[in-house]
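Could you walk me through this structure while I have it open in my viewer? I would like to know what to select next and what I will find there.

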Amino acid sequence: MPIPEPPRFCPPAPAGAGPFLLSINPADGSQAGRVAQARAADVDGAVAHAWQAVRCQPWRDLRLDRRADVLYEIGRLLRAEREPLARLQMADSGKPWKECLHMVDSAAGSFRYYAAVCETLQGEITPARGEYFSMAIAEPFGVIAAITPWNSPIMNEAQKVAPALAAGNAVVLKPSEETPQLALELLRVCHQAGLPQGLLQVLNGSGEEVGAALVRHPGVRMLSFTGGTETGRAIAAVAGQRLIPVGLELGGKSPHIVCADADREAALAGVLSGIFGSAGQSCVAGSRLFVERTIYAEFVAALAQRTRALRVGLPDDPGTQVGPLISWQHRDKVAGYVELGRREGARVLAGGYAPEQGALARGAFYMPTLLDGLPAQARVCQEEIFGPVLVALPFDGEDDLIEQANGTAFGLAAGIWTGSYPRAWRLARALEAGSVWINTYKQSHIATPFGGFKDSGIGREKGLQGLRLYSQNKSIYWGLHTQPLSLG
């Protein structure tokens, strides 16, 4: 059912005042598209327009089942445009075709899920301790700023926009300048589905200018950011000064653990997909491999052989398992870490170079790389590389494993392969990580909360907690007094 017209006129959102921002296909260096680039001055207009939309549209006070109708329709339209959106994402980010399809499916699923949550989530009747009736309800913040990274376009945008809209907020979205096109397509689909103008706006531009202006803007009541830990720390500092809440989904250096009693074939496949899927450009990539010493040499040798056999190719080739990195600059950063590892004493068991022949030489490709021979405190074992680079380390017993696995500033995810469920339980409880996979890896669902410990973030996305992240509680008391209140 369409949403009624607003009771008074809301002016259109301001257009970006800057030059065009180019999207470059990292598979071959061609231009994938161009979008209008916003400047810091555009942030004032976007936030003002968002507040006008909040105040003059019925969205906040719309019956929840009708709000859910729009969210369901967004999910339906995303699914209906699955292939063209995936193709645009493939050009924007260089991700392989099947992965791009999965990202669009995930975005559609986010809107469907939060549509269901929107119309079924209930408030609380709280226990009374006097002559009153008390309740707790969720209220929107008003205007949310959402800043998303380049590694999972449209999926990350949907994971923020869907719950924020479901909670009754307006959203000003700033996608990564590396992948600027999918957020605009999401905006188009949202309007096509009946979302009122102004409740979602997209500002494409640099993080240093547009992102920083959004974070500082006094009209933004809550900040949601996915990206690097240092940027997250800077955002948290500004939010702390402004006394506004934040949701931060940050970096990781996730331990992937293989015990001697694990199913070897399943563990080999899981380790490969856990680090080399998305060309390692995933916050939960299992980038530190811990193998029990009694099977270390045999397991790592088999892993090296399979790593060398991975099919690195163009994103539209159905046989491709590993595509390009997001940019040549990022590829150079990844290559720099591998060279650092070599200087620190690493043995390169597979990969360790960028292809220089054939079609791959035109793109930002880097071969899947396996290193070992380093201590757990080496920089390559401690810092997030965000590329197809895996470091293998042996462990002796559970105490040694937990000390090494927890021995970084990060705590986003971890994986455990073992035939002993009591051991899996002990390790899962001891690991400092927001998500732990047992005899699987990198599984996710919009209904399950996601976030990190330590420097990997604050708050939880997805699930019911993902909706509550974009809401603030209000307590309401109804007096039932039989006698007037007194000072006595």
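Start by selecting Leu480, which sits in the segment after β20. This is a predicted model, so treat each stop as a feature of the prediction. Leu480 is exposed, at a relative accessible area of 53%; the cut-off for that word is over 50%.

**Next stop: Lys474 and Glu139**

Select Lys474 and Glu139 and show their side chains, which meet in a salt bridge with an N to O distance of 3.1 Å. Lys474 belongs to strand β20 (residues 471–479) and Glu139 to strand β4 (residues 132–140), so this pair ties together parts that are 335 residues apart in sequence. Are the two partners buried or exposed? Lys474 is partly exposed, with a relative accessible area of 36%, while Glu139 counts as buried at 15% relative accessibility.

Keep that pair on screen for a moment; we will come back to it after the next bridge.

**Arg379 and Glu383**

Move to Arg379 and Glu383, another salt bridge, in which the closest N and O atoms are 2.8 Å apart. Arg379 is partly exposed, at 44% relative accessible area. Glu383 is also partly exposed, with a value of 25%.

**Arg39 and Glu209**

How many salt bridges does the structure hold? The count is 25, and one more is worth a visit. Select Arg39 and Glu209, whose side chains meet in a salt bridge at 3.2 Å, N to O. Arg39 lies in the loop between β2 (31–36) and α1 (40–56), and Glu209 in helix α7 (residues 207–216), so the pair ties together parts that are 170 residues apart in sequence. Color both by accessibility if you like: Arg39 is partly exposed at 29%, and Glu209 is partly exposed at 27%.

**Into the interior: Gln89**

Next, select Gln89 in helix α3 (residues 82–93). How accessible is Gln89? Its relative accessible area is 0%, and Gln89 is therefore buried, given that buried means under 20%. To see what surrounds Gln89, show its contacts, leaving out residues up to four places away in sequence: Gly94, Cys100, Met103, Pro153, Ile154 and Leu182 all touch Gln89.

**Two lysines with positive phi**

For the last stops, turn to the backbone. Select Lys442, in the loop between β17 (435–438) and β18 (453–454). The phi angle of Lys442 is near 60 degrees, a positive value in a residue other than glycine. Lys442 is partly exposed, at 24% relative accessible area.

Then step along to Lys462, in the loop between β19 (457–458) and α15 (463–468). Lys462 has a phi near 70 degrees, again a positive value in a residue other than glycine. Is Lys462 buried or exposed? At 8% relative accessibility, Lys462 counts as buried.

Key:
Residues are numbered from 1 along each chain as its sequence is written. This is a predicted model: local features need pLDDT of at least 70, side-chain atom pairs count only at pLDDT 80 or more; totals for chains, interfaces and linings use all residues. Side-chain values use heavy atoms; hydrogens and water are left out. A salt bridge is a side-chain nitrogen of Lys or Arg within 4 Å of a carboxyl oxygen of Asp or Glu. Helices (H or I, at least four residues) and strands (E, at least two) are DSSP runs, numbered from the N terminus. Buried means under 20% relative accessible area, exposed over 50%, partly exposed in between (1.4 Å probe, protein chains only). Contact means heavy atoms within 4.5 Å.
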